[in-house]
Amino acid sequence: MNRSFATPLGMALVFALVSPAATAAPLRPNQPIGEADVLSGKVTRDPDLGYILVGGVGGAMGTFMRVPDDATRAAWEQDRKDALAKALKKYPGVVSDWQATVDMLKKSGNKGPYPEKPVEPTIDSVEVAPLDTRDMVSFGPQFRYTKGARTSFLIAAKPGTYFWVGVPGSPCMCMGTVQFEVKAGVVTNLGNMLWAAPQQKLDMTVAQLAVIKNAEERAKAGKPPRADPFAAPDLDMVVPDSLKNWTVVAAELHAHGKFNNYGAVVVSRLAPIPGVISYRRDTVIDERTGQALPNPKLVSMQKPKL
């Protein structure tokens, strides 16, 4: 994972832009909040919503997915049923069009092969947004909560468990990441821990080992060393003064296993965090319990880049 708060690194998904908090309408999940609205009283803490605070030196952007709860799963199942009903309603017409096309080809002297008969839709074949993506939350690079040398982002979110996906435009953390709890009425402060806590030197890839080899060759040649590309920034958990009347807690990170590469990008994994997450080859280890997390069956668009 990149060591700078300001550099995008993560998953290339297409997100709808969200606007800052409106002055009259109530907050909604995945809505960024500006400090001016909090200071003016236009935005007050909603006890039914949770909040995610990210901050550090420079700009940033990224995405979290929410672990589906029963309500989210029920809504997704209903969407699948609705989509199936629509597909089945259209199916006779689709078959009729197919038959007309085959008949026309035969009459024209075409010996085939002919288009295959459309398969009747099933609940597993209809297309709806994947379950994991229904409650995504994204932040940055626009709509900052505070600006300046140190910036921060405050985003409203449904209460629940969220896991770090990465930043649009770079590899996703599909092969191992961290999750944290967001409680109703509470600001969960991540600060810059997603950049500061992972220890790259504990999880060297082929590309990283090449950087080390290059450094060794420079040393042998008497050339000055480049800046350490694996050096993490100092942990920054500063909370803006404007949130002093809000309930703010530091995020408690836990290991999260593999997930699908919905963005069809190069996949990666979060570097180990002592006491939180490590790896045994390609298996994610929950350092809090010492247990290996299950390796789920994934339907990814791209293989891991090893």
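**Exercise 1. Describe how the two faces of strand E3 are covered, and identify the strands that pair with E3.**

Solution. Step 1: on one side of E3 lie Gly62, Phe64 and Arg66, on the other Thr63 and Met65, and all of these are buried, so that both faces of the strand are covered. Buried means under 20% relative accessible area, exposed over 50%, and partly exposed in between, with a 1.4 Å probe and protein chains only. Strands (E, at least two residues) and helices (H or I, at least four) are DSSP runs, numbered from the N terminus. The structure is a predicted model, in which local features need pLDDT of at least 70 and side-chain atom pairs count only at pLDDT 80 or more, while totals for chains, interfaces and linings use all residues. Residues are numbered from 1 along each chain as its sequence is written, and side-chain values use heavy atoms, with hydrogens and water left out.

Step 1: E3 runs antiparallel to E4, to which three bridges join it. Two strands pair if DSSP finds at least two bridges between them. Phe64 has Val137 of E4 as its bridge partner.

Step 2: E3 also pairs with strand E6 (residues 160-166), in the antiparallel sense and over four bridges. Here Thr63 stands opposite Gly166. Strands of a sheet pair through backbone hydrogen bonds, either parallel or antiparallel.

**Exercise 2. Characterise helix H2 by its span, its bend and its buried residues.**

Solution. Step 1: the 38 residues of H2 reach 54 Å from the first C-alpha to the last, close to the expected 56 Å. The expected span of a helix is 1.5 Å times one less than its number of residues.

Step 1: at Tyr91 the helix H2 bends by about 40°, and the proline Pro92 follows within four residues. The bend at a residue is the angle between axes fitted to the seven residues ending there and the seven starting there.

Step 2: the buried residues of H2 include Thr72, Trp76, Tyr91 and Val102. Strand E3 (62-66) is included in what covers them, by contact, meaning heavy atoms within 4.5 Å.

Step 3: Gly109, with a positive phi near 95°, follows H2.

**Exercise 3. Is Val119 buried or exposed, and where is Val119 found?**

Solution. Step 1: Val119 is in the loop between helix H2 (70-107) and strand E4 (137-139).

Step 1: Val119 counts as exposed because its relative accessibility is 70%.

Step 2: Val119 and Val95 are 24 residues apart along the chain, and 8.8 Å separates their C-alpha atoms.

**Exercise 4. Which cysteines form a disulfide, and what is the handedness of the link?**

Solution. Step 1: a disulfide is a pair of cysteine sulfur atoms within 2.5 Å. By this rule there is one disulfide. A disulfide is a covalent bond between the sulfur atoms of two cysteines.

Step 1: the pair is Cys172 and Cys174, with sulfur atoms 1.9 Å apart. The angle about the S-S bond is -110°, and the link of Cys172 and Cys174 is left-handed.

Step 2: Cys172 is buried because its relative accessible area is 0%. Cys174 likewise counts as buried, at 1% relative accessibility.

**Exercise 5. Which residues of the largest nonpolar core touch the most other members, and which elements give two or more residues to this core?**

Solution. Step 1: a nonpolar core is a set of buried Ala, Val, Leu, Ile, Met, Phe, Trp, Tyr and Cys residues joined through side-chain atoms within 4.5 Å.

Step 1: the largest such core has 30 residues, of which Ile52, Phe64, Phe139, Trp164, Val178, Phe180 and Leu190 touch the most other members. Elements giving two or more residues to this core are strand E2 (50-57), E4, strand E5 (150-157), E6, strand E7 (177-182), helix H3 (193-196) and strand E11 (277-280).

Step 2: a second, separate core has 13 residues, including Ile33, Val43, Tyr145 and Trp246.

Step 3: beyond its neighbours within four places in sequence, Val178 has contacts that include Trp164, Leu194, His254 and Ile277.
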